[in-house]
Amino acid sequence: MPFRLSRLAAEVSMALASEYAERYGLDVPAWRVMATLGFRETPCSAQFISQCTRTHKSTISRAVTSLLERGAIERVENADDRREFDLRLTRKGRKLYEELFPRLLRKEQDILSCLSPREQRDFAMLLGKIEQSLDLVQTPHEVSKTEAY
């Protein structure tokens, strides 16, 4: 199962990456940063993004630097620890996220079109059960409540 899930995740990620790489010049780590910040209501640290996306911190750090240079994200003071900074989307970043997210949802639907509507619901439910059994949060609403994926 881990091999199959890993292979499936890599293929789906590559299929979606074609949407944001060619048109927007984003790579997978940059999209992971934007996606994490995009559905959150509050800023978060690069360390948080690294942990919840299961992406090495140096990879996230490079993506953050690139997105800062593009003006898509900005640093804000961490309310709990003034020595640290959190990240959030800028207006430019929010606009990019809101333009790109629906495109990725459509691409996701294309990928899932081999499943019937019932199978798609069952698949989502089964993934949720596995995520829940591993204490992974599945929805943006849950993320804002628990501060973790």
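A crossing is left-handed if the near helix is turned anticlockwise from the far one by less than a right angle, and right-handed if clockwise. Helices (H or I, at least four residues) and strands (E, at least two) are DSSP runs, numbered from the N terminus. The model is predicted: local features need pLDDT of at least 70 and side-chain atom pairs count only at pLDDT 80 or more, while totals for chains, interfaces and linings use all residues. Residues are numbered from 1 along each chain as its sequence is written, and side-chain values use heavy atoms, with hydrogens and water left out.

**Helix 3 and helix 4**

The crossing of helix 3 and helix 4 is right-handed. The axes of helix 3 (residues 46-53) and helix 4 (residues 57-70) cross at roughly 125° and come within 9 Å; axes are lines fitted to C-alpha atoms, for helices over the stretch in contact, and angles run from 0 to 180 degrees between N-to-C directions. The two helices are therefore oblique to each other (under 35 degrees is roughly parallel, over 145 roughly antiparallel, 65 to 115 roughly perpendicular, the rest oblique). The loop between helix 3 and helix 4 holds R54, whose phi is near 60°, a positive value in a residue other than glycine. R54 is exposed at 61% relative accessibility (buried is under 20% relative accessible area, exposed over 50%, partly exposed in between; 1.4 Å probe, protein chains only).

**Salt bridges**

A salt bridge is a side-chain nitrogen of Lys or Arg within 4 Å of a carboxyl oxygen of Asp or Glu. By this rule the count is three salt bridges.

| Pair | N to O distance |
|---|---|
| R103 and E19 | 3.1 Å |
| R88 and E74 | 2.7 Å |
| R118 and D122 | 3.5 Å |

R103 and E19 form a salt bridge that links distant parts of the chain, with R103 in helix 5 and E19 in helix 1 (residues 2-24), 84 residues apart. E19 is buried at 17% relative accessibility. R118 and D122 both lie in helix 6, four residues apart, about one turn of the helix. R118 is exposed, at 54%, and D122 is partly exposed, at 28%.

**Helix 5**

R91 lies in helix 5 (residues 91-112) and is exposed, with a relative accessible area of 80%. F101 also lies in helix 5 and is partly exposed, at 34%. The C-alpha atoms of R91 and F101 are separated by 15 Å, with the residues 10 apart along the chain. F101 and A35 are 66 residues apart in sequence and 8.2 Å apart in space, C-alpha to C-alpha.
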